[in-house]
Amino acid sequence: MAKQYDVLFRLLLIGDSGVGKTCLLCRFTDNEFHSSHISTIGVDFKMKTIEVDGIKVRIQIWDTAGQERYQTITKQYYRRAQGIFLVYDISSERSYQHIMKWVSDVDEYAPEGVQKILIGNKADEEQKRQVGREQGQQLAKEYGMDFYETSACTNLNIKESFTRLTELVLQAHRKELEGLRTRASNELALAELEEEEGKPEGPANSSKSCWC
Amino acid sequence: IFAVSPRLERNGAISAHHLTNKMTWDGSYLGSATRENAQKDSKKIQKEYEDKAGRPSKPPSPKQNVRKNLDFEPLSTTALILEDRPANLPAKPAEEAQKHRQQYEEMVVQAKKRELKEAQRRKKQLEERCRVEESIGNAVLTWNNEILPNWETMWCSRKVRDLWWQGIPPSVRGKVWSLAIGNELNITHELFDICLARAKERWRSLSTGGSELENEDAGFSAADREASLELIKLDISRTFPNLCIFQQGGPYHDMLHSILGAYTCYRPDVGYVQGMSFIAAVLILNLDTADAFIAFSNLLNKPCQMAFFRVDHGLMLTYFAAFEVFFEENLPKLFAHFKKNNLTPDIYLIDWIFTLYSKSLPLDLACRIWDVFCRDGEEFLFRTALGILKLFEDILTKMDFIHMAQFLTRLPEDLPAEELFASIATIQMQSRNKKWAQVLTALQKDSREMEKGSPALRH
């Protein structure tokens, strides 16, 4: 039986309440879209395995509650992430303004070398747009991030942005990745890279690794 | 309730009355969070049953009316018709025709057997439903005639506790919750009206972009208030969206909006916090607006709820630590498995505690948890959590982190109520002769001392 994945890492979705974090995620993992989704309380989880450069990557996605009050809780999860989506809503100037605050929280609480990507969601709502595309690009440039305008509704740039962040995380961990490639047949060596959650469930998953 | 939702979604928002009826007919009456009169519906179902009982061999299907004269016609075999070969083809040899006839008859007999079995199953189901309805009807009488008039003396008696554990009938549920939660804050209907009027004034001034109102809650900037009011609006549409009753234009939209708005005026220091909309929604389904507000405010004023809704992280950690003491005591194997996988209690408890299980459990089951929570307090929330973990212990021990996290934040929709309550009943809330409250107090003391000793250790 083929192994289910080669590497495992965690991506985190953050941004103001109602910008569409859960919708982005549902579109990506289940290809579904519901205009009125149930609010996220605390943190929700999804996962998906994708292939990048011939490597099977299992990504765990942590979908956080957006309300400011919850940040005391959600900040605790930043340190467990290798990649972070910063999401705003193009029809909400305020959610865009808050990105600066979200970025400074990430700088404070996330591990060094964490990969970030900026998302302007709800790109289909052109008539309600309050944040120009170039504003998003400008902000992303300032922070040295990649930028996508997405729409969970019309399925615009969803796969692209998730794949891009996954690539960035893979690149950032190229060193360990080389190890993975050269030792691909050596399951014992790989097991050393396993983190507490990456414990084999059975022989099917006996080779996988996780960076934390 | 969830059985109804596909229909609700198709029709969009429908009237509350409509919904109540449908719930009753679906047999999800026991826990359905409605205010329908139980006795009346008990009779209705009884009649429905008697009508059917006259023709026991027929499954209750609308089609049966069409075939009244046929006593037992298996529905699934009506399409099975044995026909002779068309005249333009050579006739079957007699032997083959005989064989086909025999095969055909066997098929019909088999199908009839299946139908009969199905009909018997349905009959049993209906009888069971009648039994449940009858016991609810009796319980309603007991609650109304014996317990509620003598609340002070009776509520903690053995008999009432037993009845309570079985679930409060929906028609008296609101009343019992109100009494059990109490009104320590002495909130009157007038106070609710005042808070609501103030909230409405704010909505108006925000929508017209008006100037600053009276500045009595200084320290809470206009921007904060605006954000909070906007978040309420957003969250109302995201509260039980599949019920389609709280959304814009739905029958309970304004009530939910009113309670949450009034609360932000009543407690500007707490404000609106996500999760509150679910609690208010469940209360609205069982109480009138003003009484729901009173219950809501008093409920949130309880120490555990205050700690969570104010996001007092230190205190929340203390609650999690106390939970872990009982977790390890009751389920040592699973506890070790969680530890090994770095699955901390915050990951699932936050959702469960903030929404009092209304988001993660089926709504009728959540109401039954509320029943006992209103009686036993916060301890029961954590006992329920352990009951859930115990119920699924075997499945969970086979899972890795992400599967457990996903499972616990989205519990099975068909979670059986009786099994869950049986599981909760086996959970011991005693650890080395210490009760929940004692363990919690001791941990709080520890954490305070630690804070004094080395503030840097805590966040």
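How many Å separate the centres of domain 1 of chain B and domain 2 of chain B, taken over C-alpha atoms? I read 39 Å from this predicted model.

**Domains.** I looked up the domain bounds of chain B next. Domain 1 covers 97–166, and domain 3 covers 307–452. Domain 2 comes in two segments, 184–210 and 218–300.

**Contact.** I then turned to chain B against chain A. Chain B puts 42 residues into the contact, and chain A puts in 33. I noted about 3300 Å² of area buried between the two chains. Carbon and sulfur atoms give 55% of that area. On the chain B side, I checked which residues lose the most area to chain A: they are B:Arg238, B:Gln274 and B:Ile402. Together they make up 17% of what the chain B side buries.

I looked for salt bridges and got a count of 1 between chain B and chain A. A:Arg94 pairs with B:Glu230. Their closest N and O atoms are 3.4 Å apart. That distance meets the salt-bridge cut-off, because a side-chain nitrogen of Arg within 4 Å of a carboxyl oxygen of Glu qualifies.

**Helices and make-up.** I asked which helices of chain B each supply at least two residues of the side that touches chain A. They are α9 (222–236), α14 (313–330), α16 (346–354) and α20 (401–409). Last, I sorted the residues of that side by type. I got 18 nonpolar, 13 polar and 11 charged.

How values were computed:
Residues numbered from 1 in each chain as written. Chains lettered and ligands numbered in written order. Predicted model: local features only at pLDDT ≥ 70, side-chain atom pairs only at ≥ 80, totals over all residues. Heavy atoms only, no water. Contact = heavy atoms within 4.5 Å. Buried area = accessible area lost by both parts, 1.4 Å probe. Helix = DSSP H or I, 4+ residues; strand = E, 2+ residues; numbered from the N terminus. Nonpolar A, V, L, I, M, F, W, Y, C, P; charged D, E, K, R; others polar. Domains from an automatic or database assignment.
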